[in-house]
Amino acid sequence: MMVMRALFAMCIGLVVLIRPGGNEDRRGDAVRAFSAEIRAVLEDQGMETFPHRGTLENGLASQVVWFAPEGCSEQAAAMPVYISQDLDAILSVNDVLGWEVEMHHIGQSGSDLGRVGLVMRAGWARLQSALGLAEVRGPMHQIAVAVPDACPAARDVDLRPVWRDAA
Amino acid sequence: MTKISTRECVIWFLALLAFGIVADEARRLSFGVLVTTALNHNLIYILIYAAILSRALAIAPEARLSRGDAAVLGGGAVALALLSFVGILALDGAIAMALGLYLVRMRRAEENLRAIGAILLAFGTHLFVAKALQTAFQAEIVSVDSYLVEMMLRATGDFGARVGNQVEHASGFQVAIVGACSACNIVSLLIPAGVAAVMWGRSHFERSDLRWMIGGACALVVVNTLRLGLMVQSHEGYVYWHNEGGATWVAIVQTAVVLAVAAGAARPWDRPSGGAKVAA
């Protein structure tokens with residue numbers, strides 16, 4: 001009887017230790033601040049960033065950076081190049097709009113760990129943080145850049161300064 | 001047979017499931033945040049937990065699970081804990097579904113366990129299958145939502161243009177509708193809410209339950225289309241109906257519709273006095 005009780009109690013302890021923070025990472029103020037940081041980097045590179053004409057109807061408008069790389073058509077420029085740390089939102093936008101998605105990980109620019117790799121790493125990071133073993137930021141380390149097909153020049157934008165600053 | 005009672009095992013598992021969902025929504029690991037998150041928990045989920053708890057408490061205190069059944073329940077609990085590393089709530093739904101199916105089909109399961117199995121199956125369907133379908137057919141699903149918004153704007157003479165999931169108001173303001181705001185999200189909640197309400201009081205389904213569900217689904221689609229249509233009016237409209245007071249009102253109306261449908265399907269006022277008839 002005690003074994004079963006201990007098992008259930010241990011499982012509850014694990015979920016309470018590991019899970020908190022996921023939503024904050026996805027939707028928190030830090031994400032919005034980071035988007036502003038990305039926007040500043042883009043503007044430093046001579047990109048014109050501008051407010052959205054429409055709004056992505058997913059509550060993440062403040063995480064969207066809109067800019068028009070040189071050589072993109074007006075129509076393509078009217079669409080955002082979507083930069084967010086919300087992996088689900090990126091994948092969602094990718095699915096809906098058919099954009100090509102490039103995944104990056106701060107500190108390991110260009111590495112594509114894949115979705116499962118990223119979320120497992122985030123879960124492990126959260127557990128370490130909860131146990132006081134490490135100061136980690138979980139999925140806050142993710143950046144994904146979605147590039148509209150009509151605007152291939154967006155792929156040439158150099159986001160490495162952002163990665164270095166945030167790593 | 002195990003020494004721990006069936007009732008206690010089910011309550012432990014329910015606690016784990018509920019703690020997992022609350023913890024997933026919590027902003028950070030602290031007692032205050034966890035309590036606040038629990039207090040702000042989805043009312044429909046609370047209805048589901050309450051229905052499971054009610055049925056669990058109706059199980060005879062002396063009832064015991066076989067070692068095999070206890071192993072399945074314990075294995076489910078361990079899987080829930082380990083999958084926290086992945087951090088995808090839908091996987092909780094997959095486990096709830098599998099366990100629900102096991103309880104429904106368990107040979108020696110008594111009436112309350114079968115009812116709990118049906119509720120878990122429905123809840124898991126909401127958490128897992130609905131999410132999987134939304135992911136697999138997201139483009140098609142949001143196209144339907146977008147089309148409905150287009151119809152609404154045409155009816156009011158405010159339609160500008162629509163390309164796929166992007167709907168433009170006559171004023172030029174446009175909104176791209178993505179999966180998170182599809183009516184599918186709330187409609188899928190109807191399934192566990194209705195099943196939980198029905199199983200709270202009786203152990204079988206009736207044809208009228210389905211009619212209530214379909215009617216409720218239609219009402220929720222209308223409410224969501226109205227909400228999206230109001231968002232497309234202007235940026236101010238978007239902010240109000242998506243982030244501010246309007247979003248709260250929509251959530252209240254949607255929750256009220258779901259609870260009304262659940263109550264209508266369960267018809268607690270038709271029940272004989274003394275509450276649910278349960279096996280002891």
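Chain B is built from 11 helices and three strands (DSSP runs, H or I of at least four residues for helices and E of at least two for strands, numbered from the N terminus). This is a predicted model, where local features need pLDDT of at least 70, side-chain atom pairs count only at pLDDT 80 or more, and totals for chains, interfaces and linings use all residues. Residues are numbered from 1 along each chain as its sequence is written, with chains lettered from A and ligands numbered from 1 in the order in which they are written.

Let's turn to one helix, α4(B).

| Side of α4(B) | Residues |
|---|---|
| Buried | B:D69, B:A70, B:L73, B:G74, B:G76, B:A77, B:L80, B:A81 |
| Exposed, on the other side | B:R67, B:G68 |

The buried residues of α4(B) are B:D69, B:A70, B:L73, B:G74, B:G76, B:A77, B:L80 and B:A81. They lie on the same side of α4(B) because they cover an arc of only 150 degrees around the axis (taken from the directions from the helix axis to the C-beta atoms). Their packing partners are α1 (2–18) of chain A and, in chain B, α1 (6–25) and α5 (89–105).

Those two α1 helices also meet each other: α1(A) and α1(B) pack at about 10 degrees with axes 9 Å apart, and are therefore roughly parallel (angles under 35 degrees).

Key. A residue is buried if 20 or more other C-beta atoms lie within 10 Å of its own, exposed if 12 or fewer, and partly exposed in between; C-beta atoms are placed from the backbone. Two residues are in contact if their C-beta atoms, placed from the backbone, lie within 7 Å. Axes are lines fitted to C-alpha atoms, for helices over the stretch in contact, and angles run from 0 to 180 degrees between N-to-C directions. Angles under 35 degrees count as roughly parallel, over 145 as roughly antiparallel, 65 to 115 as roughly perpendicular and the rest as oblique.
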